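Visitor: Please take me through one part of this model in detail, namely the pocket space and the residues that line it.

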Amino acid sequence: MPLLEVRNLKQYFRVGGGFFAKKKVVKAVDNLSFVIEKGETLGLVGESGCGKSTTGRSVLRLLPKSPTEGEIYYNGADITRAEMLPYRRKMQIVFQDPYASLDPRVTVGDTVGEALDIHKLYENRAERQEKIMSLLHTVGLNSEHSNRYPHEFSGGQRQRIGIARALAVDPEFIVCDEPVSALDVSIQAQIVNMFEDLQQERQLAYLFIAHDLSVVKHISNRIGVMYLGKLVELAPSDELTFHSLHPYTQSLISAIPVPDPKVRVKRIALEGDVPSPLDPPSGCNFRTRCPRAEAKCAEREPEMREIKTGHFVSCHLI
Ligand code: SF4
């Protein structure tokens, strides 16, 4: 049984509207299916606004609305519309922006201790303090940091605080929502390495969301590529990196910088912008930017098919 199973998840929002105008529907997440095994990392990549973060929040049920359609199973239990408090201990999130995700008026110790308080994970004050110190050490901070406030820390340190807060309840699964995007490149590797070490030590499963494929391929066992709310390709990390099939994935991979200047990679540049999710193209929603689009791409939406074991792709030409 997978730790997390998402079946045909749809998360739609009604937006706009007024006296004369009708509300429109944004299909932020449209028919997504995937599983995550215990101790596994599934990377999720795509451009800004493609629905990655909404997917992460939807599976954790952090959105104000339950999913529009589809099902989410955690350890076999249907949590699509379940009361989530019992699951919050097992399912956590690390946010993108370490500046915005911490309350500036709360000390680091109390930020980390809040989750312990909510779930009553200590017998007395001494045990609470001991657990906070242990969590701070786990993420590379020390006991002196406990009484300080978030503004006294660098971006990397604040992200460490966010990770300590997520670890406080001893979770099994963490949604890492662009956890290194706001950090300097020099700090990104430290944080990604820490995620890997924590995974080894605690058998954690991650849904690792990023727009940068080079970060995701480093940490993920499998990678899903999203475009305009849909999953267009899903494969093991090496398979996706070296044998990608979908034109959008191929374009993302061609944009990864290669460290060796002698190696020349042909860049596949996409024309135009991502279409508005309020008015997506007919048929394949990538067709307005796809260098291989044909007439049939406008007529029918391609289905997700398993091309090789574990390698799924949605394109009429494959
Ligand atoms: Fe391109 Fe057509 Fe494949 Fe869509 S279905 S990715 S438009 S070739």
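Guide: With 6 residues, β2 gives the most to the lining of the largest pocket, where strands (E, at least two residues) and helices (H or I, at least four residues) are DSSP runs numbered from the N terminus. This is a predicted model, in which local features need pLDDT of at least 70 and side-chain atom pairs count only at pLDDT 80 or more, while totals for chains, interfaces and linings use all residues. Residues are numbered from 1 along each chain as its sequence is written, and side-chain values use heavy atoms, with hydrogens and water left out.

A pocket here is an open set of points on a 1 Å grid over the protein atoms alone, where a 1.4 Å probe fits and protein lies on both sides within 12 Å along at least five of seven lines, and lining residues have an atom within 4 Å of a point. The largest pocket holds about 470 Å³ of space, a volume being the space filled by probe spheres set on the points, which are joined across faces, edges and corners. Its lining comprises 24 residues, and Asn31, Leu32, Ser33, Leu231 and Met304 lie nearest the centre. The elements giving two or more residues to this lining are β1 (4–15), β2 (24–36) and β10 (230–236). By class, the lining of the largest pocket divides into 11 nonpolar, 6 polar and 7 charged residues, with Ala, Val, Leu, Ile, Met, Phe, Trp, Tyr, Cys and Pro counted as nonpolar, Asp, Glu, Lys and Arg as charged, and the others, Gly among them, as polar.
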